[in-house]
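Please consult the sequence and structure shown here alongside the text.

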Amino acid sequence: MIILQFAWGTDMDAIAIDVRESLDQVGRFLPDDASAPSLFKFDPSMMPLMSVAVGSDEHNLVELQRLGELVAQRLERVPGVASA
């Protein structure tokens with residue numbers, strides 16, 4: 001895995017094209033059994049700040065899903081929470 005970091009304000013669409021072209025050029029030097037390189041654009045601002053899990057030995061999956069959705073709805077009401 002190779003992680004590329006760019007300066008604030010970099011045109012990510014343009015740089016993605018440049019990186020894809022570079023990956024295409026390097027791909028022919030990889031071993032025959034290697035997978036083709038892939039590019040994944042990642043925005044660190046989309047990382048969750050908190051993870052919550054629900055579990056139970058007494059409830060079935062449908063009830064747990066309903067409980068999880070209820071918790072998410074209540075968390076979304078908290079000021080400053082973008083989504084849950």
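The sections below treat the basis of the model, its salt bridge and its pockets.

## Basis

The model is predicted, so local features require pLDDT of at least 70 and side-chain atom pairs pLDDT 80 or more, whereas totals for chains, interfaces and linings use all residues. Residues are numbered from 1 along each chain as its sequence is written, and side-chain values use heavy atoms, without hydrogens and water.

## Salt bridge

The count is one salt bridge (a side-chain nitrogen of Lys or Arg within 4 Å of a carboxyl oxygen of Asp or Glu). Asp-13 pairs with Lys-41, with 3.1 Å between the closest N and O atoms. Because Asp-13 belongs to helix H1 (residues 12–27) and Lys-41 to the loop between H1 and helix H2 (61–76), the pair ties together parts 28 residues apart in sequence; helices are DSSP runs of H or I, at least four residues, numbered from the N terminus.

Asp-13 is exposed, at 53% relative accessible area, while Lys-41 is partly exposed at 46% (exposed is over 50%, buried under 20%, partly exposed in between, with a 1.4 Å probe and protein chains only).

## Pockets

The largest pocket holds about 910 Å³ of space. A pocket is an open set of points on a 1 Å grid over the protein atoms alone, where a 1.4 Å probe fits, with protein on both sides within 12 Å along at least five of seven lines; lining residues have an atom within 4 Å of a point. Its lining comprises 24 residues, with Ile-2, Ile-3, Leu-4, Leu-39 and Phe-40 nearest the centre.

The second largest pocket has a volume of about 450 Å³. Leu-49, Met-50, Val-81, Ser-83 and Ala-84 are the closest to its centre among 17 lining residues.

Note on methods. Helix = DSSP H or I, 4+ residues; strand = E, 2+ residues; numbered from the N terminus. Points joined across faces, edges and corners; volume = space filled by probe spheres on them.
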